[in-house]
Amino acid sequence: MVRMDLFRSEEMNKVQLIIPVEAAHNTVTYLAELGLIQLIDLNSGKSPFQRPFASQTKRCEEMARKLRWFQDQLLRAKQTPVCRHTLERELKLEELEMKLTELETELLESNCNSEKLKRSYSELMEMGLVLHKTSTSFNSARRTADIQRRQPDLIVDAEDVNHPFLLEQVHEASINPSKQAQLGFVAGLVVNSKCHSFERILFHATRGNMYFKRSTQADFVADPASGEQVEKVVFIVFFAGERARLKITKICETFGVNRYPFPEDSARQGLMKVEVSTRLSELQATLNSGVVHRQNVFTNLGYNLDHWIGMVRREKAVYCALNMLSVDVTSKCLVAEGWCPVKTKPQIQDALQRATVDSNSQLSSIFHVVQTKESPPTFYETNKFTAPFQEIVNAYGVARYQEANPGCFTIVTFPFLFAVMFGDWGHGIALLSAALYLILKENHFESKKLGDFMTMAFGGRYIILLMSIFSIYTGFIYNEFFSVPIFIWDSAYSCRENDCSDASRIGLVKWSELPYPFGLDPAWHGSRTELPFTNSLKMKMSVLMGVSQLNLGLMLSWWNADFNHSKLDFWYQFVPQLLFLNSLFGYLSMLIVIKWCQGSKADLYHVMIYMFLSPSEPLGENQLFWGQNYFQRMLVMIALAAVPWMLFPKPFKLRKLHEQRMQGRIYGVLGGSDTESVDLEHEEEFNFNEIFVHQMIHTIEFVLGTVSNTASYLRLWALSLAHAQLSSVFFEKFLVLSFSYSNPFVRLTGLVMFAFVTVGVLLLMESLSALLHALRLHWVEFQNKFYAGDGYKFMPFSFKDLESDNI
């Protein structure tokens, strides 16, 4: 029998590998390149430091730290790594480790020297600025002091009035030379935003006994401490006395003011300016040569960085995998266990053979299958088209091993149920354009780092493609193009008047017996009976779709039972569930189809309600076929009988089978092995009460869920109606209303607003709402009929999974 690749997971084997120590590294490397085996951690009880390859893992982590630091240095230097196009000699891990250590030492030393040189350069720049701007202020202040000393009663500058104590000391010094005041000064740069506060604190600290002068214009200079460009002003402050000097020094340190020496003699000032200029030229030349050297180092580093990162990442992954292997008692072999698909055994054996040859090992690796009762992982071969649909199923839960996979049905049912709620072929064309753009630009988007929303949209591009195609199909069925009906064929109805002004009041006139060839007749749009007709149609279609998908779920439960050779699940679970569901809602679906075919006006609500409340009551005008009363009584009896059929037989059958199995094991275990004794202990874990309660819960859940699940599919009708009404409102209130005016600006505004609300509300919000409701119908209503979802995913050890990981 041909098996679908997606319908059931791949057959898996638990395997054991016995690998010589000298071939272990190559073996694990080749297995990772193959990516077909999931390793089991045999050292789970050991700490990371107790594992056999802990030192090698630590070395790889240290190299990864250095590479991350190199990446940060390149980012700060605004350089990007360059891909290697030429082949070079591949470095071994030990050589790479030494190379990275040398580069790190060289860069650290270069950074340290560069920071010192930049700090010295910034200090010299500030000193030059102080020398240039303070000379004038200093000389002017000294001249003012000399004049005041010669003419004590003369006020030379209005600013000097604010410094009475300083002037008083100068005055006393001019009268009595023995009391000559010890005048001093401090020059430097202060941040412009702090200058006013700095001056006020100096004034209060010296009680006004100081003279503060600042440059009129601020300059942007590199701060020696931070290296950032800061707006600063040059200042000079005169004071008298050693006590004032100490106060001013402490205040300068508090404000982070850079103070620089300034000679009083003009000749010395000129010599200092020349010296500062010379040292600046020398520092600039040294800095330029350092920049060139760093640029060469970064170029070489950027050329090899990506390759080194990939190499370290792979080596670290190999040693982490080796740490999962156990060492045998002789310490000459490593033992590995894992899971692999059955069909991949030849490829794995070939990789083991190549690793043995390349390692020059005298012993070959041993590969053999281990018999186990453990549940294998679940593995499906998917491609870029089927993978997103399988992820929808996996988001609910990974399938149990060899369980029927709803993913292959979700490829069709998920976008179709979405389209039932989103039926408009105009909106479908818009979604189709977006999906085709993402697919055509696939290579471009794969190489870029996308945001959260774009990552989600790009990952589901094929889902959007199918959703748009089905939306166009259902849009043709609903005959809606941005809520506007399109007359593709001749309608079977006509208006009573030429302008159809009476259509919404007294309805239409049917002039042809032939139905509309495909979809809804556009004449229903805007008529008096449009809403009742479309409501009835969509509601009945929702019930039919829901019952069909629920029956599909039950059929999948039968396929699971048949695959597992479980007659109990077939006779005491599938059969009564199928009878219960179809005796109620399968019968309702049949009535809907018969009513459509006959054109009857029977009240199906009345039929279904009184089918249970009064089964013997005549149906009258609600009767759709001969013998309907007797048929309904039979269905009610079947539904009532199906409940105890689901509840009682299966637990008692399981207990009987357990007793028979235990009786046979007791006689056979006397001559059996220890393994059979262990199996006997395992089989004794049978709890009838627990199984019976579980079966009772399952029965109640199915009986109640049959009603609630079928009713839940009415969301297809509700969302479809909401989408159609929103489309109609936006079309009439924005587009039709704006085009009723002759003003072109009003028309353009209405067109723009219509485009915005269509994209924002209908194509984004409404599509997201329909998407979530379609997810709910699959996860809750459909999959709970057969899907356990308690398996675990096959996670092979592969280098491909390391490409997106951080180093």
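Aspartate 350 and arginine 354 join their side chains in a salt bridge of 3.5 Å, N to O, where a salt bridge is a side-chain nitrogen of Lys or Arg within 4 Å of a carboxyl oxygen of Asp or Glu. The structure holds 23 salt bridges. This is a predicted model, in which local features need pLDDT of at least 70, side-chain atom pairs count only at pLDDT 80 or more, and totals for chains, interfaces and linings use all residues. Residues are numbered from 1 along each chain as its sequence is written, and side-chain values use heavy atoms, leaving out hydrogens and water.

**Salt bridges within a helix**

- Aspartate 350 and arginine 354 are four residues apart in helix H8 (residues 345–358), about one turn of the helix; helices (H or I, at least four residues) and strands (E, at least two) are DSSP runs, numbered from the N terminus.
- Aspartate 350 is partly exposed because its relative accessibility is 43%; buried means under 20% relative accessible area, exposed over 50%, and partly exposed in between (1.4 Å probe, protein chains only).
- Arginine 354, at 35%, is also partly exposed.
- Glutamate 62 and arginine 65 form a salt bridge of 2.7 Å, N to O.
- These two residues are about one helical turn apart because three residues separate their positions in helix H2 (residues 54–76).

**A salt bridge between helices**

- The side chains of lysine 650 and aspartate 569 meet in a salt bridge of 2.7 Å, N to O.
- Lysine 650 is in helix H20 (residues 649–668) and aspartate 569 in helix H17 (residues 567–598), so the pair ties together parts 81 residues apart in sequence.
- Lysine 650 is buried at 13% relative accessibility, whereas aspartate 569 is partly exposed at 25%.
- Salt bridges with shared partners join Glu62, Arg65, Lys66 and Glu104 into one network.

**Lysine 14**

- Lysine 14 belongs to strand E1 (residues 12–20) and is buried, with 9% relative accessibility.
- Its side chain makes a polar contact of 2.9 Å with that of glutamate 374. A polar contact is a pair of N or O atoms within 3.5 Å; within protein, one must be able to donate a hydrogen and the other to accept it, and residues adjacent in sequence count only if both atoms are side-chain atoms.

**Cysteines**

- The count of disulfides (pairs of cysteine sulfur atoms within 2.5 Å) is zero.
- Cysteine 195 is buried at 1% relative accessibility, and cysteine 333 is buried at 16%.
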